[in-house]
Amino acid sequence: MKNRKYRKIKIHKEGYAILFSLLSVLLASNIIVYIESPTRAIFVLNLLISVATFSFFLYFFRNPSRQADIDDPNLVIAPADGRIVVTEPTELYEYFDGKRMIQVSIFMSVFSVHANWYPINGMVRYSRHHSGRHVAAYLPKSSHENEHSSVVIQSENNHLIMVRQIAGALARRIITYAAPNHACHLNEHLGFIKFGSRVDIFLPEESEIFVQIGDQTRGNETIIARLPD
C-alpha cells in the first residue's frame, strides 16, 4: 500500500481567540436550544446554522503553507491574496515627501487568505499605524482615509518600497509584525488584516510591473513587479 501525504488545515494564530470564543458561544446556544426548543426541527436548524458559521470563520483564518524560492532580489512578490484594482503612478508623501512611485493595490474579499507576507527580502526602515475611517477598501480614497498601517522596506539592492495594509468596511483591526531596523524575508508574515481589506505596494517609478487591473494574486507566490537594476 502506497504512503499518502495528508495536508493538515492550519489556522493562523490571529484566529485562535476568536474561534475559541465563537465555539463556546455556539456550543452554549445549542445546549440551550436543545433543552428549551419545543421541536427537534428548531434544534437541527440552529445546529446547521452554527456549523455553517463556525466553518466560515475556520475558513477565513486558514493559514496556507507557501514557500517562495527566487534568485533575483529585485523581484517583488504579492504580499496578499486578492484582485489587482490599481496600477498607476502616484506621489507618496508619507515617508517619501512627495516622491513619484508606482502604486499597485490588491483588494482582499472576505474569502481571501488574510495573512500578509513580506514582498521582498531586506530591512524594515519604518512602521507606523494610522487611525481612520472604514469605507469600502476597493475605493481609491481608502488608501489615505481608512485605518491603515505603513511599512517601508529597504531591499538587498537598497531600493525603498512601502507596503500599506488598509482596513475595509468590515475590518476593525490591522495586525502588523514589522518593526523598524529588523530584517525581513520572503516566506515570513508581515501581518494580518481581519475581514475585507486591501494592501497597497508603492514601488520605484522605474519598476517593471507584471500585473494589470483585474488580475488575481496569491500571496507569497505571484510575482507582481521587478525593481530597477
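Helices (H or I, at least four residues) and strands (E, at least two) are taken here as DSSP runs and numbered from the N terminus. The structure is a predicted model, in which local features need pLDDT of at least 70 and side-chain atom pairs count only at pLDDT 80 or more, while totals for chains, interfaces and linings use all residues. Residues are numbered from 1 along each chain as its sequence is written, and side-chain values use heavy atoms, with hydrogens and water left out.

Helix 1 spans residues 16–36 and holds I31. Together with Y34 and I35, I31 makes a nonpolar surface patch of about 350 Å². Such patches consist of residues with over 30% relative accessible area and no salt bridge, where like charges are joined within 9 Å and nonpolar side chains (Val, Leu, Ile, Met, Phe, Trp, Tyr) within 5 Å; the areas come from the Shrake-Rupley method with a 1.4 Å probe, and for residues only the protein chains shown count as cover.

The interior can be described through its nonpolar cores, each a set of buried Ala, Val, Leu, Ile, Met, Phe, Trp, Tyr and Cys residues joined through side-chain atoms within 4.5 Å; buried means under 20% relative accessible area, exposed over 50%, and partly exposed in between (1.4 Å probe, protein chains only). The largest nonpolar core has 28 residues, of which V76, Y118, I153, L203 and I224 touch the most other members. Among the elements that give two or more residues to this core are strand 6 (148–155), strand 11 (197–204) and strand 14 (223–226), but the largest share, 4 residues, comes from strand 3. A second, separate core of 12 residues includes L19, A115, W117 and I175.

In one of them, the side chains of R66 and D81 meet with an N to O distance of 2.6 Å. Because R66 lies in the loop between helix 2 (40–60) and strand 1 (75–77), and D81 in the loop between strand 1 and strand 2 (82–92), this pair ties together parts that are 15 residues apart in sequence. Both R66 and D81 are buried, and so are both D200 and R198, whose closest N and O atoms are 2.8 Å apart in their own salt bridge.

The bridge between D229 and R226 also has its closest N and O atoms 2.8 Å apart. Here D229 is exposed, with a relative accessible area of 81%, whereas R226 is partly exposed at 24%. D72 joins R226 and D229 in a network of salt bridges.

Conventions
Salt bridge = Lys/Arg side-chain N within 4 Å of Asp/Glu carboxyl O.
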